[in-house]
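Welcome! Please take a look at the sequence and the model below, and then we can walk through them together.

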Amino acid sequence: MKLLGLIGSPRENGNTATLVNAVLEGAAENGAETKVYHLAKMDLKACSGCMSCRAEGKCVIDDDMQELYEEVRSSDALVIGSPIYMWEITTQTKAFVDRLIALTCWQPCAKPEFSPLIKLNTKLVLAYTYGNPNPNNFNQYFKYMQGLFSYLGFDVQECIWASGTINPDDIFRQPEVLENAKEIGKKL
C-alpha cells in the first residue's frame with residue numbers, strides 16, 4: 001500500500017506534522033510505503049478557474065501540483081493535515097484542495113457529475129490541529145470537509161484532531177491523540 005502524507009502547515013515540524021507523521025508511522029508499521037510533502041515548501045498556485053481541466057483532462061498551471069497529481073493518482077491512501085486558521089484550513093492546504101478539481105472534473109461541461117481520475121475510493125484521513133482548547137469547536141467544519149472529499153470520490157476513513165495546540169510541541173501533551181493517529185494508520 002502506498003500512503004501519501006500532505007502537511008499544510010507553514011510550521012515544518014509543528015503539531016500538524018507530528019499528527020500526520022503519527023498516522024504514517026502506524027501505517028508503515030504494517031508495511032505501507034509512505035511519502036510526505038510539506039505544501040508550504042512547494043510552488044502551488046491558486047486555481048485560476050479557467051476550467052481548462054474540463055476540456056483537457058489536466059490542469060494547465062505548470063507548478064509543483066503536477067507532481068502531486070501523479071502522487072495522488074498512484075496512492076492508495078492520503079493523509080491531509082492542516083492547522084485551522086480563521087475557522088478553516090490553511091491557504092497552502094486550500095490551494096491543494098481547490099486544484100484537485102483537475103482530478104475529479106474532467107468531463108465536458110454538458111455532463112455535470114464528477115468523473116474522478118483518482119483511484120476509485122482512494123482512502124483518506126483528515127488530520128487537524130488548532131489552538132482553541134475546546135475539542136468540539138470545529139466539528140461542523142470537519143463534517144463539511146468530510147462531505148466535500150466524499151463527493152470528490154475519496155473514501156474518508158477518519159477525521160482526527162488535536163485542540164489546544166498553539167505552541168509547536170503542544171501536541172505531545174495529548175499522547176492519546178497521537179496513539180489514536182497511529183492506530184488509524186495501522187487500520188489503513
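## Before we start

A residue is called buried when its relative accessible area is under 20%, exposed when it is over 50%, and partly exposed in between, using a 1.4 Å probe and protein chains only. This is a predicted model, in which local features need pLDDT of at least 70 and side-chain atom pairs count only at pLDDT 80 or more, while totals for chains, interfaces and linings use all residues. Residues are numbered from 1 along each chain as its sequence is written, and side-chain values use heavy atoms, with hydrogens and water left out.

## A buried loop residue

Let us begin with Ile-171, which sits in the loop between S6 and H7. Helices (H or I, at least four residues) and strands (E, at least two) are DSSP runs numbered from the N terminus. Is Ile-171 buried or exposed? Its relative accessibility is 0%, so Ile-171 counts as buried.

Contact here means heavy atoms within 4.5 Å. Leaving aside neighbours within four places in sequence, Ile-171 is in contact with Asn-15, Thr-18, Leu-19, Thr-129, Ala-162, Thr-165 and Leu-178.

Helix H1 (residues 15–29) packs with helix H7 (residues 175–187) at an angle of about 40°, and their axes are 6 Å apart. That makes H1 oblique to H7. Axes are lines fitted to C-alpha atoms, for helices over the stretch in contact, and angles run from 0 to 180 degrees between N-to-C directions. Angles under 35 degrees count as roughly parallel, over 145 as roughly antiparallel, 65 to 115 as roughly perpendicular, and the rest as oblique.

Which residues of H1 and H7 meet? From H1 come Thr-18, Leu-19, Ala-22, Val-23, Glu-25, Gly-26, Ala-27 and Glu-29, and they meet Val-177, Leu-178, Ala-181, Lys-182, Ile-184, Gly-185 and Lys-186 in H7. The residues of this contact divide into 8 nonpolar, 3 polar and 4 charged. In this count Ala, Val, Leu, Ile, Met, Phe, Trp, Tyr, Cys and Pro are nonpolar, Asp, Glu, Lys and Arg are charged, and the others, Gly among them, are polar.

## The nonpolar cores

A nonpolar core is a set of buried Ala, Val, Leu, Ile, Met, Phe, Trp, Tyr and Cys residues joined through side-chain atoms within 4.5 Å. The largest has 35 residues, of which Leu-6, Leu-68, Phe-96, Leu-126 and Phe-149 touch the most other members. Among the elements that give two or more residues to this core are strand S1 (2–7), helix H4 (91–99) and helix H6 (139–151). Apart from it lies another core, of 22 residues, including Ala-27 and Leu-178.

In H4, Thr-93, Ala-95, Phe-96, Val-97 and Arg-99 are buried. The buried residues of H4 pack against S1, H3, S3, S4, H5 and H6.

Most residues other than glycine have a negative phi. Met-51 has a positive phi near 60°, and Met-86 has a positive one of about 50°.

Met-51 lies in the loop between strand S2 (33–38) and helix H2 (52–56), and counts as partly exposed at 33% relative accessibility. Met-86 lies in the loop between S3 and strand S4 (88–89), and counts as exposed at 75%.
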